[in-house]
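I opened a new model today and kept notes as I went. Here is what I looked up.

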Amino acid sequence: MIEAVQKETDIYLSNFAQLERELADEEPAWLRRVRKAAILRYFELGFPTRKQEEWKYTEVRPIARIPFKPAQYELDGLTADKLNQLTFGNLQCPRLVFVNGHYSAELSSLEGLPDPVEVHSLAQVLKEDPDSIEPYLTRYADYENHPFIALNTAFIQDGAFVYIPKGQVLKEPIHLLYFSTAPEEAAVAYPRNLIVLEGNNQAVILESYVGLGERKYFTNLVTEIVAGENAIADHYKLQQESREAFHIATLQVHQDRSSSVRTFNVTLGGALTRNEVNVVLDGEGADCALDGLYLISGRQHVDNHTRLEHAKPHCDSREIYKGILDEKATAVFHGRIVVQPGAQKTDSKQTNNNLLLSDEALINTKPQLEIYANDVKCTHGATIGQLDQDALFYLCSRGIDKATARSLLIYAFASEVVNRIKVESVRVELDKYLFSWLPKGHLVKEAV
Amino acid sequence: MLEIKDLHVKAGDKEILHGINLKVKAGEVHSIMGPNGSGKSTLAQVLAGRESYEVTAGQITYEGKDLLQIAPEDRARLGIFMAFQYPVEIPGVSNTYFLKAALNAIRKERGEEEVDALDFLNLVKEKMELLKIDEKLISRPVNEGFSGGEKKRNEIFQLAVLEPKLAILDETDSGLDIDALKVVAHGVNSLRSKDRAFIVVTHYQRILNYIIPDYVHVLYDGRVVKSGGKQLAIELEKKGYSWLGEETVSAQLVN
């Protein structure tokens with residue numbers, strides 16, 4: 001059985017051989033070395049199976065079965081106007097657009113960025129000044145132990161590189177928009193984002209992944225955020241891939257002393273989604289908020305795996321993931337908190353709440369604490385429930401029709417986590433989506 | 001306005017109401033009294049349309065319509081309001097906006113225009129004063145973090161805003177201190193009119209000192225065992241409910 005999976009996934013080896021030929025010797029030796037090590041590691045690990053604890057509830061065989069080719073830049077009639085109609089489209093902020101994983105200069109706009117801030121496509125940096133990113137690129141997300149990070153690393157080509165020097169406070173968010181036009185042939189893209197806050201500075205980063213229609217494609221992405229001393233980063237990721245797409249993502253966050261990172265992970269699209277969020281609190285007094293919302297139906301499957309490592313003392317973390325599942329949707333939440341020896345005065349709280357709207361929806365939730373220090377405060381809790389029938393009746397008994405009452409309660413459930421979004425324009429956008437997703441959402445909008 | 005005929009109601013496998021008859025005309029105040037477990041709250045909930053109860057026999061007619069065929073939200077729109085014995089907390093839904101949505105749904109049914117934000121605000125202010133409701137409560141989520149008394153006052157506040165034709169108070173007095181009880185009673189009394197009827201469900205006679213009923217019905221073990229004027233309530237307060245059981249049994253024996 002394992003052999004069969006290996007064979008199906010050999011396509012990645014031949015894709016890699018072709019990439020190497022194309023790149024020839026145009027890239028720095030250090031990157032070539034990493035690439036080779038990563039593809040080798042992928043070859044050794046293979047696609048994960050459900051026998052592995054970390055993949056027990058998520059079956060990736062459907063991805064392995066399809067011989068994905070590297071995605072090509074293809075606009076397919078896409079214009080900046082069309083993009084403006086998508087989520088965050090009307091935000092007035094610098095925007096990097098990627099089409100099928102490749103940077104699109106014609107659709108991007110970097111106006112309004114202060115001079116010392118560097119925002120480029122990774123492809124450009126790799127071509128013009130690769131050594132400037134050597135200290136960061138591939139240093140945080142661990143490809144040794146994860147086949148999909150290994151694959152992404154082996155195929156690094158494009159993505160966003162954001163560098164915010166000391167002292168810079170960015171007023172506007174920076175939006176990284178990944179759009180899939182999904183041509184006929186099944187294609188895979190490997191976005192790789194590197195966001196570095198040197199320290200004592202502040203920025204908001206939005207990532208969105210959008211695909212229209214019903215086409216099958218595969219996004220395998222890695223984002224690394226490095227928050228230096230006293231840096232403040234707000235990170236939002238909105239996933240609205242096509243309903244047939246596969247989306248496997250790793251967000252790797254590394255935090256230095258007194259830094260503060262909030263990351264919010266919203267999953268709406270995709271057939272199969274795996275989000276891994278790994279945060280290392282590696283300096284005293286750092287804090288992080290790790291939030292997520294998944295709103296799924298049909299046969300969608302979403303797996304959120306978070307790992308929060310308290311490596312130093314006096315760090316705080318707050319995590320709330322909320323899920324709303326309808327029809328035959330399935331989800332997994334696995335939240336691990338690791339408190340390393342010496343990380344005293346850790347204060348950590350994790351919550352996962354799920355609302356099941358149908359009898360056939362299914363959630364597996366598993367909080368996990370590993371504590372190796374003795375003076376810490378860690379709590380976790382998970383709930384799974386249905387709509388409160390008493391609340392529903394209460395609303396109806398006042399004249400509100402059942403569909404609206406239901407939507408009101410669903411919205412109320414989601415709003416606890418949505419209201420934690422600090423950036424108003426992002427919150428408004430997400431609310432807008434929620435109202436459009438909910439039956440009679442326009443009435444809910446008036447009522448909240 | 002309301003006519004209940006031989007109403008039998010089951011919750012699960014157990015029959016709770018064994019044939020209730022009741023007639024309420026516009027402008028009247030009826031009190032339904034009875035001990036715990038007599039079926040008072042069941043009757044109130046059935047009138048509001050609670051689906052967890054099964055009506056196995058009998059009928060309820062409201063303004064000539066078969067009430068049992070009407071969904072809870074439509075009953076509300078037709079002018080029925082129940083003040084809950086245990087008001088539900090709904091985190092995330094604001095009191096004000098929820099009430100505005102409710103009011104507009106009801107106005108729409110009556111063929112009236114929706115209220116705009118300013119008119120609504122004025123209406124709410126007026127009724128808040130009537131029920132002595134703290135302004136802070138109104139912008140909070142529905143009933144969330146309210147004390148027991150605040151929840152009950154909030155029910156009557158909603159009643160005052162929605163102006164139903166038939167108001168059912170399900171043990172609104174339970175757990176209220178005397179000051180809160182007076183406020184609630186004052187609110188109810190100010191809403192009494194020739195077009196509006198009240199059914200006051202209560203365990204205790206105390207509230208009836210402030211809301212004077214036209215009729216008192218005593219519910220015992222799922223049946224109305226006695227009906228009378230306000231004097232009946234005072235009698236009950238003196239003698240308790242236990243003598244009713246004996247009287248019912250002996251009445252059945254005679255029959």
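My entries follow, from the chain contact to the sheets and the salt bridges.

**Entry 1: the contact between the chains**

I note at the start that this is a predicted model. How many residues does each chain give to the contact? I find 32 residues from chain B and 20 residues from chain A. The buried area between the two comes to about 2000 Å². Carbon and sulfur atoms give 64% of that area. On the chain B side, I asked which residues lose the most area to chain A. They are Arg50(B), Glu73(B) and Phe98(B), together 24% of what that side buries.

**Entry 2**

I counted charges next. Between chain B and chain A there are 3 salt bridges. I wrote down one pair, Arg50(B) with Asp390(A), whose side chains meet at 2.3 Å, N to O. Arg50(B) was already on my list of residues that lose the most area to chain A. I also find 9 residue pairs in polar contact between the chains, both residues at pLDDT 80 or more.

Which elements of chain B give two or more residues to this side? My list reads α1 (40-48), α2 (72-77), β6 (80-83), β7 (90-94), α3 (95-109) and α6 (148-162). Helix α3(B) gives the most, with 6 residues. Sorted by class, the chain B side has 21 nonpolar, 6 polar and 5 charged residues.

**Entry 3: the sheet of chain A**

I then traced the strands of chain A. They include an open sheet of 10 strands with mixed pairing. The order runs β3-β2-β6-β9-β11-β13-β15-β17-β19-β21. Why do β3 (102-103) and β21 (377-385) of chain A each have one side without a neighbour in the sheet? Both stand at the edges with a single partner strand, so nothing in the sheet lines that side.

I checked one pair inside the sheet. Strands β9 (residues 202-211) and β11 (residues 232-240) of chain A pair in the parallel sense over 9 bridges. There, Ile205(A) stands opposite His235(A) in β11(A).

Helix α10 (residues 424-437) of chain A lies across β9, β11, β13, β15 and β17 of chain A. Helix α10(A) runs at about 20 degrees to β15(A).

**Entry 4: the sheet of chain B**

I moved to chain B. Here 6 strands form an open sheet in the order β6-β9-β10-β3-β11-β12, with mixed pairing. Strands β6 and β12 (223-228) of chain B stand at the edges, each with a single partner strand, so one side of each has no neighbour in the sheet. The twist averages 20 degrees from one strand to the next.

Strand β11 (residues 215-220) of chain B pairs with β12(B) in the antiparallel sense over 5 bridges. Val218(B) stands opposite Lys226(B) in β12(B). Helix α6(B) packs on this sheet and touches β6, β9 and β10 of chain B. Its direction makes about 165 degrees with that of β6(B).

**Entry 5: salt bridges overall**

Last, I took the count over all chains, which comes to 39 salt bridges. One of them joins Lys36(A) to Glu20(A), with the closest N and O atoms 3.0 Å apart. Lys36(A) sits in helix α3 (residues 29-45) of chain A and Glu20(A) in helix α2 (residues 11-23) of chain A, 16 residues apart.

Conventions:
Residues are numbered from 1 along each chain as its sequence is written. Chains are lettered from A and ligands numbered from 1 in the order in which they are written. This is a predicted model: local features need pLDDT of at least 70, side-chain atom pairs count only at pLDDT 80 or more; totals for chains, interfaces and linings use all residues. Side-chain values use heavy atoms; hydrogens and water are left out. Contact means heavy atoms within 4.5 Å. Buried area is the accessible area (1.4 Å probe) that two parts lose on being put together, summed over both. A salt bridge is a side-chain nitrogen of Lys or Arg within 4 Å of a carboxyl oxygen of Asp or Glu. A polar contact is a pair of N or O atoms within 3.5 Å; within protein, one must be able to donate a hydrogen and the other to accept it, and residues adjacent in sequence count only if both atoms are side-chain atoms. Helices (H or I, at least four residues) and strands (E, at least two) are DSSP runs, numbered from the N terminus. Ala, Val, Leu, Ile, Met, Phe, Trp, Tyr, Cys and Pro count as nonpolar, Asp, Glu, Lys and Arg as charged, and the others, Gly among them, as polar. Two strands pair if DSSP finds at least two bridges between them. Axes are lines fitted to C-alpha atoms, for helices over the stretch in contact, and angles run from 0 to 180 degrees between N-to-C directions.
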